[in-house]
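This report covers aromatic contacts, backbone features, strand pairing and model confidence. The structure is shown first.

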Amino acid sequence: MELAIKSTKKRGKRIFRYSYFGLDGKVKFLSHKNKSVLESLAKEKVKEVGLEKTSSSQIFLSEAWQQYYKSLNQRKLDFKDGKQVKNIEQGTIDEYTSQYLNHIIARLGNIDLRLLNNDKLNQFVSYLVNNEHLDNGTRRKIFNVLTNIVQHQVNPPQQKLSKNICKDKDYMVAVQVVKSKKKPIIDFNTWSLDMVANLVSDISNYQVKLLCQIMLETACRPSEARALDRNSLQFHLNIPSILIDKAVKKGKVIGGTKTENGIRTLTISTSLKDKLVDYVNSLPPEQDQLFLNSKGNYICVEQIISHLERVLTKNKLQLPIKRKSYFFRHYTATYWAYSKKHKGNALDLARDLGDKDINFVNENYIKPFKQNDNAEENMDYQNNNFNWK
C-alpha cells in the first residue's frame, strides 16, 4: 500500500506529512521529521480507520456508525418544554454497539456504504440466518441496526446517501419472529408459598437471603431490589412499605425503573420490616445503599443465582422456570393471581408489578386462574343435578 506522504516545512525545518479522513469525516494530519517513522504511523492509522478514505463523498461504515452512535447518545439528552426527555436507555445503546461490533462491521467490513448492494445484503442476511447462536428475533434486530445506520446517512443533516437500500425489499422475509411462549403456570400444590419461603430461609448469605425475601414479598425485579437505599424504606406509617423508584443498570450504575409505570410503593409484612430495621442498623451510618458487597459495589445478580442454586441442589429441586434471577418475580406475580390478591383486576396487578403491558399481565397471570373462579358454585350445581347410583 503506497501512502501519499508529502514533504513540507514547519518553522523552517523539513517534516513529512500524511493527510487522511478520520472517522468523523474530517481531514486530519499525521506529521514527523522521519519519513519511515511517519509511514509506519500512517499504516497503523489506516488499519484503525479502515479503508483509506480519499474523498469527502465517501461514507465508510465505521464513520456512519460513529455518527449514528452520537445521535443515539444525544437522544438521552433531549429536552421538551424545558424538561429532559429520556427516550432511549443506555442498555439499548450498549446492545446496538455490541451488534454493530460483533456482527455488522465484523461481517461487512468497513465498506463504503455507497457500494452496499443487493448481493452484499443477501450475503449478510445469509450469515445471520446460518449463525446458530442467534435466534430470529436477534437476527432481525441486527439487520434493523444496519438499516438505521444507513438511514442516518439518508436523513438530514448528513444526506450523503440518496436512499436506504436496506429498505428496498424485505431482506428478512424468511426470518419469522415467533411470539414468546407464555409464562409457565406454577403448580402451587408442589411449589407452595411455605416451601419457597423455606428455600429462601436456607440461603447462607444474609444479604442475598434478605434480597430474596424482598423479591418474594414484593415481586420486584432483581435490579430494583439491589438498588434499594435508606429512603426506599417507608416505615414511618403504621403500614410498612418499600418505595421502588430506581434500578441498578448495566455497568452497576443507578438509573430509572424499567418502565414508566415502574415507580410504585409496595406493602410488606411486619416481620420483613423488623428484619430490615435490624439490618439497616448494622450498616455504617454513612452508607446510604442497602446492598453493597465488600468492595462497595452493588451485589451482582450472579451472586443471587449462585446462592439460589446451592439451596436448590441441597434440596434436590429444579425451578419451574428457566430464568433463575426472575424466579421470585414470576412466582409472586403468579401467586398473587392464584390467591386473588387483586380480585382478578389486571390493572391493579400490573400496577404492583410496575408493568405497563396490561394485556401481558392479564394473559400470563390473571387468565390461567379465571377458569377456577366459580369452582365451588359449579360443584354445587353438578351435585344438585347429578346423583349417580
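## Aromatic pairs

Rings of Phe, Tyr and Trp (its six-membered ring) pair if their centres lie within 6.5 Å; planes under 30 degrees apart count as stacked, over 60 as edge-to-face and the rest as tilted. By this rule the predicted model has 15 aromatic pairs. In one of them, F188 and Y338, the ring centres are 4.5 Å apart and the planes meet at 25°, so the pair is stacked. The two residues are 150 positions apart in the chain: F188 is in the loop between α5 and α6, and Y338 is in helix α11. Helices (H or I, at least four residues) and strands (E, at least two) are DSSP runs, numbered from the N terminus.

Relative accessible area (1.4 Å probe, protein chains only) is classed as buried under 20%, exposed over 50% and partly exposed in between. F188 is buried at 9%, whereas Y338 is partly exposed at 39%. Both belong to a cluster linked by ring pairs, together with W191, F327, F328, Y331 and Y335.

## Charges over rings

A charge sits over a ring if NZ of Lys or CZ of Arg is within 6 Å of the ring centre and within 35 degrees of the ring normal. The charged end of R323 lies over the ring of Y326, 3.9 Å from its centre. R17 is placed over the ring of F29, with its charged end 5.0 Å from the centre.

## Backbone features

P156 and P157 are joined by a cis peptide bond, with omega about 0°. P157 is in the loop between α5 (136-154) and α6 (193-201). That loop also holds Q159, a non-glycine residue with a positive phi near 50°. Q159 is exposed, at 52% relative accessible area.

K340 also has a positive phi, near 60°. K340 is in the loop between α11 (327-338) and α12 (346-353) and is partly exposed at 32%.

## Strand pairing

Two strands pair if DSSP finds at least two bridges between them. An open antiparallel sheet has three strands in the order β6-β7-β10. β6 (233-234) and β10 (264-267) are the edges; each has a single partner strand, so one side of each lacks a neighbour in the sheet. Two antiparallel bridges pair β6 with β7 (residues 241-244), and L233 stands opposite I242 in β7.

## Confidence and conventions

pLDDT is the predictor's confidence in each residue, from 0 to 100. The protein averages 84, and 87% of residues score at least 70. Mean confidence is highest in helix α7 (residues 206-218), at 96, and lowest in strand β4 (residues 79-80), at 58.

Residues are numbered from 1 along each chain as its sequence is written, and side-chain values use heavy atoms, without hydrogens and water. In this predicted model, local features need pLDDT of at least 70 and side-chain atom pairs count only at pLDDT 80 or more, while totals for chains, interfaces and linings use all residues.
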